[in-house]
Every structure is written in structure tokens, then in C-alpha cells.
Amino acid sequence: MSLLDLSRWQFAITVMFHMTFPAITVGLSIFLSVVYGLYWRTGRAVYLQMFRFWRRIFAVGFAIGVVAGAVITFQMGLNWGVYGAKTGPIIGPIIGMEVVTAFFVEAGFIGVLLYGDGRVRRGTMFVSTVMVSVGTVLSSTWIIAANSWMQTPAGFKVVHGQFEPTDWMRVIFNPSFIWRWPHMLAAVLISASFFVAGISAWYLVKGRAKGFARRSMSIALGIAALLMPVQLYLGDSVAGHELPRQLSKLEAIEGNWDNGDTGFVLFSVSDQQAARNIAELDIPCLGSYIAKDLTCKTAMPGLKLTPAAERPDMAATFWGFRVMFLAAVLMFGTAFAATVLRMRNRLWTARRFHRFVLWTTPVGILAILGGWVTAEAGRQPWIVFGQLRTSAAVSRLAPGEVLFSVIGFSVLYLIMLVAYVVYIVRTMRIGPERDDPGRQPPPGNLPDTGAAKDGVPRELPVPLGSRKVAAR
């Protein structure tokens with residue numbers, strides 16, 4: 001494996017690992033703002049219980065995501081030093097703005113979000129939670145701005161081999177950013193919605209914490225039902241504004257090597273070197289129908305239209321898009337079914353549907369990862385499309401050193417991912433019962449042993465007022 005391939009694999013593994021966490025935490029931070037706002041307004045204990053439970057999962061995911069994101073920045077300087085030197089005048093300020101805005105906002109309020117419950121006023125708690133969610137959205141905004149500029153560069157000139165900005169408005173609001181940013185924001189909201197709905201469905205299947213589970217699932221599936229039609233429109237708009245500028249990506253997404261196919265390739269095994277599909281499953285005329293031609297006469301372009309040296313990897317681009325697209329169809333169908341069941345007053349009694357929703361927990365995350373693979377693999381062999389090749393942007397390092405770091409990072413990320421999944425499962429098993437504000441401490445100020453009548457382990461927070469009385 002070449003130095004270029006090793007560096008690309010290392011960066012891809014790091015980005016995929018990192019993206020797993022914002023796919024949960026950005027939307028979950030907004031969910032926390034909603035439920036705490038409902039608690040502040042209504043005073044209903046179930047909303048505070050929801051806030052406390054989902055905050056536990058958010059906090060650990062947020063911490064891991066921040067650490068993994070820092071690694072990306074170091075890799076951009078070490079493994080992709082030429083890229084950093086050439087695009088620094090544009091990418092550097094954009095990443096700097098993420099630090100100045102998003103990181104500072106998050107750092108200023110995350111402590112109150114995590115530890116302020118019961119210690120500060122409800123209004124202060126709500127504002128802090130909202131500000132953390134604002135920080136997560138700002139972070140994703142700047143990252144999307146930087147990546148979109150790499151997809152559709154604008155507002156720059158090249159001086160002595162360096163990209164220098166000539167119009168920051170065009171740099172940030174480049175042709176693909178206008179649609180990619182709302183598309184990504186909707187994606188993380190939908191991903192978090194299915195994550196929340198899936199875990200809530202588990203409690204309904206087990207018959208535990210029904211009030212908590214119903215409220216969580218109702219809000220989550222309601223958000224998904226509202227956003228999925230919008231997301232399909234946004235996804236189509238991203239394709240309409242980006243793919244005409246990257247025809248090679250469009251050709252790889254379609255999965256055809258030759259022109260003339262009016263169908264939709266559902267499955268394929270491609271041979272990049274021979275420029276052919278070893279095996280494929282094609283649905284006749286569907287490609288033409290998707291292109292809004294019901295006469296079955298619109299043919300899909302083939303990748304052979306692009307010179308061999310400028311072709312993206314067919315398999316990665318094709319399957320990345322299929323994962324995203326099929327996951328979106330599944331989520332749309334699930335949200336539609338949930339809406340029908342809600343209207344028929346059967347959403348809480350349809351146990352088969354609850355079991356099905358449980359299995360959709362990671363689908364939103366997979367859709368986001370598939371979308372990023374499509375965007376990044378489909379842009380190749382360019383790191384700044386049409387301007388700077390990936391092969392010309394990599395640092396000249398010893399391949400053995402890069403191989404060692406790829407293996408080391410992969411093992412470390414696997415351990416961290418497994419640890420987070422184990423933490424989520426453990427938190428689910430303990431359950432939201434311990435977060436119920438209506439629970440009372442044991443009599444006589446005795447420590448809670450963790451036992452409960454229903455066999456669910458308990459963990460009682462000591463009210464702040466009790467600490468003051470004890471101190472006296």
C-alpha cells in the first residue's frame with residue numbers, strides 16, 4: 001500500500017470515527033434544550049427525568065467527539081502538510097472561527113449543563129443548555145463551510161501555489177454550502193431522533209419507565225416525521241447544485257461504466273482497473289423515473305466519460321450513496337408508519353412496531369457516514385476539486401511510520417467506540433428510574449443501597465437543601 005493510500009485510510013478512519021459522535025450529540029443537544037424548556041414551562045417531572053437521562057449519554061459522546069476532532073486537526077498538519085500549506089489562508093481562518101465561536105461557547109456553558117441541575121436557577125440552566133446546542137451547530141457550520149469550499153471552491157486566487165481569499169462571502173457561501181449546511185443539520189437532527197426513539201422503544205418493549213419512554217419516543221418520532229420530507233428535498237437540492245459541477249461523482253453514484261442505461265443499479269460489484277461491473281442488479285427504467293422522465297428514455301451517464309486518471313473509486317462512491325439513500329428510505333417509511341399509528345391511537349400498543357424501531361437506532365448514523373463517504377470518495381482524485389490533487393497534497397513521510405499510526409489509531413478508536421456502546425447499554429439497563437425527581441431519599445438520612453422493589457438499580461441525588469440542613 002502506497003504512502004498516499006495509507007494517509008487517506010488514516011484520515012478516513014479518524015473522520016468516520018469522529019462523525020459517529022456529532023451524528024448523535026448535535027441533535028441530542030437540541031433535544032435536551034427542548035425537554036428542559038418543556039420542564040421549565042410546565043414543571044412536569046417527566047421532562048426533567050428525560051433531560052437527566054439523555055444528558056448522561058450526551059456528555060460522554062460529546063467528550064469523545066471533541067477528542068477525536070482534535071486528532072483530525074493534527075493529522076491535517078502532519079499527514080497532509082502540503083494541503084495545509086497551500087490551503088492555509090482559506091481553511092485556517094475557517095477552522096479558527098470554529099474555535100473562536102463554537103468551542104468558546106461550548107466551553108463556557110457545558111459545565112452548567114452537566115453540573116448545574118439543582119444548583120442554578122431553571123432559567124440559567126435552560127439558557128446554558130441552549131448555548132451548548134448553539135455551539136454544536138456553529139461547529140458543524142464551520143466544518144461544512146470548509147468542506148463545501150473543497151467541493152466547490154470559489155472566491156479565491158492562486159498566488160505562488162497558495163490559495164488566497166479574494167471574497168470571503170463567496171468562500172464561505174460557496175455554491176454547495178447553501179444546500180449542504182441545512183442538509184447536514186437536518187441529518188444530525190434525524191439521526192438523534194432515531195437514536196432516542198430506538199432506545200425509548202426498548203423500554204416500551206421491556207415495559208419499563210413507560211411515561212419517560214412514551215414522551216421521548218413521541219418527541220423523537222414527531223421530529224423525524226416533520227424533517228424527513230424536508231430532508232429528501234434538501235438531499236435532492238444538494239445533488240442538483242453540486243453534481244453538475246462534479247460529473248465524475250454523479251457517474252460513480254449511478255454505478256454505470258457505459259452510457260445508455262435507463263435503469264437504477266441497486267447492487268454492483270465493480271472492477272476499477274477493468275472499468276466494468278463484475279455483477280450488478282439493475283431495476284429497469286427507475287433511473288429515468290428518478291430523473292423525472294416517465295418515458296424511460298433518459299439514460300444515466302457512465303464513468304467512462306471521465307478520463308481514467310480523474311475517476312473516483314466506483315465502489316466507495318456507489319455504496320456510500322446506496323447506504324445513505326436506502327437508510328433515508330427506511331427512516332422515511334418508519335416516520336410515516338409512526339404518524340399513521342399515532343393518528344389511529346395505536347402508537348403505544350403496536351409492540352411489533354416498537355421492536356422494529358429498536359433496530360433502527362443506528363440507521364441515522366449510518367446514513368450520515370454513507371453520505372460523507374459519497375462526498376469525499378466521489379471528489380477524488382481531487383482534494384480541492386479541480387484545483388489540487390490529493391496525491392500532490394500528502395506529506396512525504398515514511399510509509400512504515402504511517403502504517404504503524406493507522407494500526408494504532410484503528411485499535412484505539414475501536415476500543416473507544418466499544419466502550420461508548422457498552423456505556424450506553426449499561427445506562428439503558430440501569431434505566432431512567434434513577435433520574436426521576438419524584439423519588440425520595442431513604443428515611444433517617446441512610447445511604448441508598450441501590451436496591452429497588454422492581455429490581456432496578458437506583459441512584460439518588462441528594463437535594464441541595466438537604467446538604468445545607470446537614471451542614472447546620
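Which residues is tyrosine 83 in contact with, leaving aside its neighbours within four places in sequence? I kept in mind that I was reading a predicted model. I found Met76, Gly88, Ile91, Met150, Ile383, Val384, Leu388 and Ala393 in contact with tyrosine 83.

**Entry: the nonpolar cores**

I then turned to the largest nonpolar core, which has 83 residues. Tyr83 turned up again here: together with Met50, Trp54, Ile57, Ile199 and Phe353, it touches the most other members. I checked where the core residues come from, and helix α3 (residues 45-78) supplies the largest share, 14 residues. Apart from this core I noted another one, of 12 residues, and among them are Ile190, Phe194, Ala224 and Met331.

**Entry: glutamine 10**

Is glutamine 10 buried or exposed? I located this residue in helix α1 (residues 3-20). Its relative accessibility is 3%, and buried means under 20%, so glutamine 10 counts as buried. Next I listed what glutamine 10 touches, not counting residues up to four places away in sequence: Gln75, Asn79, Val402, Ser405, Val406 and Phe409. I also looked up how far glutamine 10 is from threonine 42, which is 32 residues apart from it along the chain. Their C-alpha atoms are separated by 49 Å.

My next stop was a pair of strands. Strand β1 (residues 156-159) and strand β2 (residues 162-165) run antiparallel, and 4 bridges join them.

How much space lies in the second largest pocket? I wrote down about 1,200 Å³. This pocket is lined by 43 residues, and the closest to its centre are Gly235, Asp236, Ala239, Phe321 and Met324. I listed the elements that give two or more residues to the lining: α7 (177-206), α8 (210-242), α9 (247-254), α10 (286-290), α11 (314-343) and α13 (363-379).

Which of these elements gives the most to the lining? I found that α8 does, with 9 residues. Last, I sorted the lining by class and got 27 nonpolar, 9 polar and 7 charged residues.

Note on methods. Residues numbered from 1 in each chain as written. Predicted model: local features only at pLDDT ≥ 70, side-chain atom pairs only at ≥ 80, totals over all residues. Heavy atoms only, no water. 1 Å grid on protein atoms, 1.4 Å probe; cavity = no way out; pocket = protein on both sides within 12 Å on 5 of 7 lines; lining within 4 Å. Points joined across faces, edges and corners; volume = space filled by probe spheres on them. Nonpolar A, V, L, I, M, F, W, Y, C, P; charged D, E, K, R; others polar. Core = buried A, V, L, I, M, F, W, Y, C linked by side-chain atoms within 4.5 Å. Buried < 20%, exposed > 50% of the residue type's maximum accessible area, 1.4 Å probe, protein only. Contact = heavy atoms within 4.5 Å. Pairing = 2+ DSSP bridges.
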